[in-house]
Amino acid sequence: MQQKQFEVIIIGGSYSGLSAAMSLGRSLRQVLVIDSGLPCNRQTPHSHNFITQDGEKPQVISAKAKIQVDFYDTIQFYNGLAVSAIKTEKGFEVKTESGKVFTARKILFATGVKDLLPEIKGIADCWGISILHCPYCHGYEVKKEKTAIIANGEMGFEYAKLISNWTKDLRLITNGKSTLTSEQTQILKKHQIEIIEDEIDSVEHENGNVREIIFKNQSKVSVKAIYFRPPFEQHCKLPEVLGCELTEQGLLKVDAMQKTTIPGIFASGDNFIQARSVAMAVSSGSFAGASINRELIDEDFS
């Protein structure tokens, strides 16, 4: 790749990053997309609730998107991991794991988040297949099935209310003593949602398809699907290294134009959106591209 000054470097080349690249490439901006090839949904067999692509494999969607984005000669790709970034007089300098150094006026982080799965046997194998985080993405496929939710307290209560729209055969597993209020407990019982306080030992499955939840007291419950929202962290630490602030939830703090708290740095996709889906990622990427282009125009006219 020819070394040159780019106008925008996009770190992260999945749905959001590719969408932003297309927006910027069509705006005649010189763009570099740096991607390490590890999307968070790589284990998910099918993507849903994304019009024109409903039911398609995530890898097929991203591969088709990359072919379309690669059509624009204003966009270049670099397959690798960005390991450092610094602010310069002209913008930013990004260094990759292989030692390559690239510069640009603006940076867009489309790097997503990393789910911190518990050390419970079977959960990682089922994650994104039959252990799900979003009913809007996958709830239709397991509608009316025997389903469990792993959560507690306020989150568990609200999650149970939400999932009950897709199935009434529902139990809330608090994985230890319940922290639900007495009022919340009564409401869930009124709606025939069982509350199980036993601690989970493992999840039995077949090729990622959950069969049973085994508890430490040797009891078990058969289910076809589990909903779970694990804690997460930023997949890429570079925004924080550069000084970008995080919200209380651990997401990148942005304004209405998806600018982070550091001038010249923007964000798109799961790293700042609580509602995680392919459609949301694509939308935020397209908007970020337009927002960055507008800022470049304003600077050139100042």
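Asn207 is exposed, with a relative accessible area of 69%, where exposed means over 50%, buried under 20% and partly exposed in between (1.4 Å probe, protein chains only). This residue sits in the loop between strand S12 (200–206) and strand S13 (209–215); helices (H or I, at least four residues) and strands (E, at least two) are DSSP runs, numbered from the N terminus. The phi of Asn207 is near 55 degrees, a positive value in a residue other than glycine. Most residues other than glycine have a negative phi. The model described here is predicted, so local features need pLDDT of at least 70 and side-chain atom pairs count only at pLDDT 80 or more, while totals for chains, interfaces and linings use all residues. Residues are numbered from 1 along each chain as its sequence is written, and side-chain values use heavy atoms, with hydrogens and water left out.

Leu28 also has a positive phi, of about 65 degrees, although it is not a glycine. Leu28 is found in the loop between helix H1 (15–25) and strand S2 (31–35), and is exposed, with a relative accessible area of 65%. Thr74 is buried, with a relative accessible area of 8%.

Helix H2 (residues 58–70) has 13 residues and reaches 18 Å from its first C-alpha to its last, close to the 18 Å expected at 1.5 Å a residue; the expected span is 1.5 Å times one less than the number of residues. Pro58, Ile61 and Val69 are the buried residues of H2. Seen down the axis of H2, these buried residues fall within an arc of 65 degrees, so they line one face of the helix; the arc is that of the directions from the helix axis to the C-beta atoms. They pack against H1 and strand S3 (75–79).

Turning to the strands, S6 (residues 101–109) pairs with S1 (residues 5–11) in the parallel sense over six bridges, two strands being paired if DSSP finds at least two bridges between them. Here Ile11 stands opposite Phe109 in S6. Three bridges join S6 to strand S17 (residues 265–267), again in parallel, and Phe109 stands opposite Ala267 in S17. With strand S5 (residues 92–96), S6 pairs in the antiparallel sense over four bridges, and Lys95 has Val101 as its bridge partner in S6. The hairpin of S5 and S6 has four residues between the strands, and in it Gly99 takes a positive phi near 100 degrees.

Elsewhere, five strands form an open sheet in the order S8-S15-S9-S10-S11, with parallel pairing. Its edge strands are S8 (131–132) and S11 (194–196), each of which pairs on one side only. Strand S10 (residues 170–173) is joined to S11 by three bridges, and Ile173 stands opposite Ile196 in S11. Helix H5 (residues 153–163) lies across S8, strand S9 (147–150), S10 and strand S15 (225–228), running at about 155 degrees to S9; axes are lines fitted to C-alpha atoms, for helices over the stretch in contact, and angles run from 0 to 180 degrees between N-to-C directions.

Key: Contact = heavy atoms within 4.5 Å.
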